[in-house]
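Student: I have a new structure to read. Can you walk me through it, feature by feature?

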Amino acid sequence: MRVPENKYFNRSFIKSNLLYGSMGVGIGLIITIFESVINDKIIPSFNIIANLIFSTVISLSITNSIYLFACFWRSENRFAWQFILIYYSCSILGTLIGIEISFLIVSFIYNTPYHFLDHFSVYRYSLLIAMVVNTIIYFYVAQRETMKATLREKELDLVKIKQLKTQAELQTLQSKINPHFLYNSLNSIASLIHEDADKAEDMTLKLSRLFRYSINSHQENMAPVTDEMEIVDTYLDIEKVRFGDRLNFITHIDEAVKNIQIPRFLLQPLVENALKHGLNNLASNGILTISINKDNENIVIVIADNGKPFPAELNMGYGLQSTYDKLTLLYGENYQVQIVNSPEKQIRILIPAEI
């Protein structure tokens, strides 16, 4: 037996009594009108008051009998027949108690004698009405709960569909490798085969590793910073063959963030974007810097280079667009992307340390 929390119990208790007390008043008025029609005259005020007292008190008595038992009996293994049996047993008990309380109230108001458990004709009449009304209420509540359960199932289905859609969109974003990068890499490998076979083999393995990571067979949306940086390093190793000594790559990764999860394949498209649009035409002394640290509750990712500034009207290529799409899918509006040329050209991303 478990007593519910007082706050919830009091609120539900008052609400139930107000609802079914009002219903009892309505039933009393209906009975009064019915008796007036049958007798073809307005019944005396005593009968009207008695009808209202009996219907209201019996309704409240039945309501509290069912409500109190439901609150104190919290078995999770109830069967439908058990509930129906208890429901009607509480209805009968509540009716009998309500009749006796009603007679007691009437005897007090009109100063008439009260005889305990001596109202058998009223028992039959009241029990009949109570059973009919309670059966109607039972089927109404059962139908309402069935509809609520169906609605909840549909809402869960919609949530699952939305999750699957988000997952599919993320997988699409994470599976794309720039075809120009593949083309350039294969050309570099082809040129190395006759010059340096070992270097060509190493570059081929690195390219294979990069593609294996992008395929994401486990369909994970997040990865540790160390894994993401390992893929960036692999990508840069491949690009170093093409750029040679023209570029320097610098990384600053705070120890505190190395095991923190960030979106998969977030860094590589941004690094590729910096090489393609910022540093590609530099003859020498190109610098690409990647830094990741933690600022309060956010992860701060900065991709900076000393190449051509961002244009005033930035055209969203795949790298930037995929970044925005991925962050929106994972974080909603709870992220920031800052693209600036001064005092240093950089893309700065702030994301929560945990989703």
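Student: How many salt bridges are there, and what is the idea behind them?

Tutor: Side chains of opposite charge can pair when their charged atoms come close. In this model, which is predicted, the count is five salt bridges.

Student: Which residue does Glu255 pair with?

Tutor: Glu255 pairs with Lys258, and their closest N and O atoms are 2.9 Å apart. Glu255 is exposed, at 59% relative accessible area. Lys258 is partly exposed, at 28%.

Student: Where in the chain do Asp237 and Lys240 lie?

Tutor: Both are in helix 7, three residues apart, or about one turn of the helix. Asp237 has a relative accessible area of 32%, so it counts as partly exposed. Lys240 is partly exposed too, at 39%.

Student: Is Lys345 buried or exposed?

Tutor: Lys345 is buried, with 8% relative accessibility; the cut-off for buried is under 20%. Its salt-bridge partner is Asp305, at 3.1 Å from N to O. Lys345 sits in the loop between strand 6 (336-340) and strand 7 (346-352), and Asp305 sits in strand 5 (residues 298-305), so the pair ties together parts 40 residues apart in sequence. Asp305 is buried as well, at 8%.

Student: Let me step back to the whole chain. How many helices and strands does it have?

Tutor: The chain has nine helices and seven strands. Of its 355 residues, 37% count as buried. Now look at contacts with a separation of 6 or more: 75% of them join residues 24 or more positions apart.

Student: Which residues have the most contacts inside the largest nonpolar core?

Tutor: Start with the general idea. In soluble globular proteins, nonpolar side chains tend to be buried together. Here the largest nonpolar core has 41 residues. Those with the most contacts inside it are Leu236, Leu275, Leu288, Ile299, Ile301 and Ile351. Helix 7 (residues 225-243) gives the largest share of this core, seven residues.

Student: What does Leu275 touch?

Tutor: Leave out residues up to four places away in sequence. Leu275 then touches Tyr235, Leu236, Glu239, Phe243, Leu247, Phe249, Asn280 and Leu288. There is also a second, separate core of ten residues, including Ala50, Phe54, Val57 and Tyr123.

Student: Is Phe54 buried or exposed?

Tutor: Phe54 is buried, with a relative accessible area of 14%.

Student: How many aromatic pairs are there, and how do I read one?

Tutor: Check the ring centres, then the angle between the planes. The count here is one aromatic pair. The ring centres of Phe54 and Phe103 are 4.9 Å apart and the planes lie at 85°, so the pair is edge-to-face. Phe54 is in helix 2 and Phe103 in helix 3, so the pair ties together parts 49 residues apart in sequence.

Student: Which residues form the nonpolar patch on the surface?

Tutor: The patch consists of Phe46, Ile49, Leu93, Ile97, Ile101, Ile105, Phe108, Ile109 and Tyr110. Together they have about 810 Å² of accessible area. Helix 2 (45-72) and helix 3 (80-110) each supply at least two of the patch residues. Helix 3 gives the most, with seven.

Student: Where is Ile49, and how accessible is it?

Tutor: Ile49 is in helix 2. Ile49 counts as partly exposed, at 36% relative accessibility.

How values were computed: Residues numbered from 1 in each chain as written. Predicted model: local features only at pLDDT ≥ 70, side-chain atom pairs only at ≥ 80, totals over all residues. Heavy atoms only, no water. Helix = DSSP H or I, 4+ residues; strand = E, 2+ residues; numbered from the N terminus. Buried < 20%, exposed > 50% of the residue type's maximum accessible area, 1.4 Å probe, protein only. Contact = heavy atoms within 4.5 Å. Core = buried A, V, L, I, M, F, W, Y, C linked by side-chain atoms within 4.5 Å. Patch = residues over 30% accessible without salt bridge, like charges linked within 9 Å, V, L, I, M, F, W, Y side chains within 5 Å. Areas by Shrake-Rupley, 256 points an atom, 1.4 Å probe, with all protein chains shown as cover. Salt bridge = Lys/Arg side-chain N within 4 Å of Asp/Glu carboxyl O. Phe/Tyr/Trp six-rings, centres within 6.5 Å; stacked < 30°, edge-to-face > 60°.
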